[in-house]
Amino acid sequence: MHFQLDPDTEAYRDAVRAHLRAVLTPEVTERIYRSGVAHDEDFTKGLVDEGYFAPDWPAEFGGQNRNAWDAQVLNEELMRFDAPMYLAETTRMVASIIRAVGSPAMKDLVLDAAMKGDITIALGFTEPECGSDVAAATTRAVRDRDDWIINGSKMFTTNGHIADYIFLLTRTNTQRPKHQGLTMFLVPCESKGFDVQAVWTLSGERTNITFYSDVRLGDEWRIGDVDDGWRVMGLSLQDEHASGWGPHLTRLLQHAEDWARCPTEDGSPAIDDPAVRRRLARVAMENEVAMLLQRRCVWMTEQGRMPVAEGSMSKLFSTEALERASQDIVELVGPDGLRSYFEPTAPQQGRFEHLLRFAVGTTIYAGTSEIQRSIIAQRGLGLPR
């Protein structure tokens, strides 16, 4: 494994940074934060125009045939800038699944439009009563001749109120073990019987609970084989579980260092204090580990190997390190560190307070820390369930 980016990838990263600095102005960032919605159509279309939407996709599908390292530095910079990417990422994720297992008609419907930023797709996995046990889904899809009738609800359908489609996990067979009776559908949000209700998170983000009441779909909206939904959904979970959150830790560290360089009441910067430097060093070390764990996943992919336990290691460590560091930095800054995000008198415009709230959710997104530990134990260490 190598630890340095090659010159071409560094140049690509620098171009991405320049684009993000130009488009993510303070005004845009504040508007997105206050909306609670991590999506901005103009920003997404700008990524498409610059070739930053899916650069590692084949050129025949609108990509640039770039390598995994270019895709990685793009993702790192988008995360470090806290870009409004969540809906774009889920759209690209589902488009990748459809590219792999979708019917020709589904590919014609989705791939080109997704790559142009003309459609968006949200995820409908978790249910109110099932928590992290996604396979326990009870949302039913019942065959009615050539159609399916869907009834149920999904929790944490982030961006479901603005998306064009929901990538929906349903139960189609109650007689088989829970992992074997599931089927995936792409549900148009304009369908009769679809409804959405806002749910606000601790970080100020809007997510949703979505309802499906006798939603009728033709069989052409099914993705993958009947009762094979766990495998189809697993294609997306592999990407989610391999996600690292280290760039958010990088962002926190940068704000903490900027704060520490400012003069205190006696005129000297806080960074002159050995205790302050020790705390910053601890965050810097965990940030380095988080980034290396994530880049190991990229290296494995480049070698043709699937990071399973390694992806969970990256996700688990980076999110728990972010939670530890955000608490530590707020304690370091003191009461001022709890002033609100975008409060003019707050240190670093309230980034510490926001990251403290945001960090808690990252240990839940894409599978809780407990799920990641189970994957590491079973798939990495060979321990029994």
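Q: What area do domain 1 and domain 3 bury between them, and what percentage of it is on carbon and sulfur atoms?

A: The size of an interface is often given as the accessible area lost when the parts come together. In this predicted model, domain 1 and domain 3 bury about 1500 Å² between them, and 62% of that area lies on carbon and sulfur atoms.

Q: Where do these domains lie in the chain?

A: The protein is divided into domain 1 (7-84), domain 2 (121-228) and domain 3 (242-381). The centres of domain 1 and domain 3, taken over C-alpha atoms, are 21 Å apart.

Q: How many residues of each domain are in contact across this interface?

A: Twelve residues of domain 1 are in contact with 17 residues of domain 3.

Q: How many salt bridges and polar contacts are found between domain 1 and domain 3?

A: Two salt bridges are found across the interface. Six residue pairs are in polar contact between domain 1 and domain 3, counting pairs with both residues at pLDDT 80 or more.

Q: Which elements give two or more residues to the side of domain 1 that touches domain 3?

A: These elements are α2 (26-35) and α4 (68-80). The largest share of that side, six residues, comes from α4.

Q: How is that side of domain 1 made up by class?

A: The side of domain 1 that touches domain 3 has five nonpolar, five charged and two polar residues.

Notes: Residues are numbered from 1 along each chain as its sequence is written. This is a predicted model: local features need pLDDT of at least 70, side-chain atom pairs count only at pLDDT 80 or more; totals for chains, interfaces and linings use all residues. Side-chain values use heavy atoms; hydrogens and water are left out. Domain bounds come from an automatic or database domain assignment. Contact means heavy atoms within 4.5 Å. Buried area is the accessible area (1.4 Å probe) that two parts lose on being put together, summed over both. A salt bridge is a side-chain nitrogen of Lys or Arg within 4 Å of a carboxyl oxygen of Asp or Glu. A polar contact is a pair of N or O atoms within 3.5 Å; within protein, one must be able to donate a hydrogen and the other to accept it, and residues adjacent in sequence count only if both atoms are side-chain atoms. Helices (H or I, at least four residues) and strands (E, at least two) are DSSP runs, numbered from the N terminus. Ala, Val, Leu, Ile, Met, Phe, Trp, Tyr, Cys and Pro count as nonpolar, Asp, Glu, Lys and Arg as charged, and the others, Gly among them, as polar.
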